[in-house]
Amino acid sequence: MVTSGYFAVSSLADPGGLVPGGDQAAPRTYAAYMAARSVVLLGGMVWLLARHAWRSLGLLLALNGAVQIGDAAIGAAHHQVPQTIGPLVFAAALLTAARLLTGRNPTAPV
């Protein structure tokens with residue numbers, strides 16, 4: 001989620017730096033939509049972390065892992081190796097973290 005937040009902020013600050021023609025209206029609008037979603041998800045992650053809501057945080061990470069798998073499928077469909085491998089690596093990390101968090105005993109001390 002931190003990485004998606006980085007790309008969301010980067011796309012707002014310099015959309016042309018991420019994709020050719022990014023400084024046009026449509027990519028700027030899309031970047032704003034993506035930034036809004038990233039901010040909400042990151043806020044939710046921080047809130048769940050602060051509340052020690054491990055299972056809920058695990059679910060949030062699992063859902064983000066599923067999104068990364070979708071991103072990898074899009075990258076593969078467009079024959080873009082970095083856009084396929086990168087999301088797969090993030091998906092593996094997110095799903096592993098989700099599994100570790102959902103397996104925690106909620107009554108165990110932190």
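**View 1. Val 89 in helix H5 of the predicted model****.** Val 89 lies in helix H5. Its relative accessibility is 53%. Exposed means over 50%, so Val 89 counts as exposed.

**View 2. A nonpolar surface patch that includes Val 89****.** Val 81, Ile 85 and Val 89 form this patch. Its area is about 280 Å². Val 89, the exposed residue of the previous view, is one of its members.

**View 3. Gln 68, a buried residue of helix H4****.** Gln 68 sits in helix H4. Its relative accessible area is 17%. The limit for buried is under 20%, so Gln 68 is classed as buried. Beyond its neighbours within four places in sequence, Gln 68 contacts Pro 87, Phe 90, Ala 91 and Leu 94. Leu 94 also belongs to the largest nonpolar core.

**View 4. The largest nonpolar core****.** This core has 9 residues: Met 45, Leu 48, Trp 54, Leu 57, Leu 60, Leu 61, Leu 94, Ala 98 and Leu 101. At least two come from each of helix H3 (25-50), helix H4 (54-77) and helix H5 (81-102). H4 contributes the most, with 4 residues. In soluble globular proteins, nonpolar side chains tend to be buried together.

**View 5. Contacts of the core residue Leu 101****.** Neighbours within four places in sequence are set aside here. Leu 101 then touches Trp 54, Arg 55, Leu 57, Gly 58 and Leu 61. Among these partners, Trp 54, Leu 57 and Leu 61 are also members of the core.

How values were computed:
Residues numbered from 1 in each chain as written. Predicted model: local features only at pLDDT ≥ 70, side-chain atom pairs only at ≥ 80, totals over all residues. Heavy atoms only, no water. Core = buried A, V, L, I, M, F, W, Y, C linked by side-chain atoms within 4.5 Å. Buried < 20%, exposed > 50% of the residue type's maximum accessible area, 1.4 Å probe, protein only. Contact = heavy atoms within 4.5 Å. Patch = residues over 30% accessible without salt bridge, like charges linked within 9 Å, V, L, I, M, F, W, Y side chains within 5 Å. Areas by Shrake-Rupley, 256 points an atom, 1.4 Å probe, with all protein chains shown as cover. Salt bridge = Lys/Arg side-chain N within 4 Å of Asp/Glu carboxyl O.
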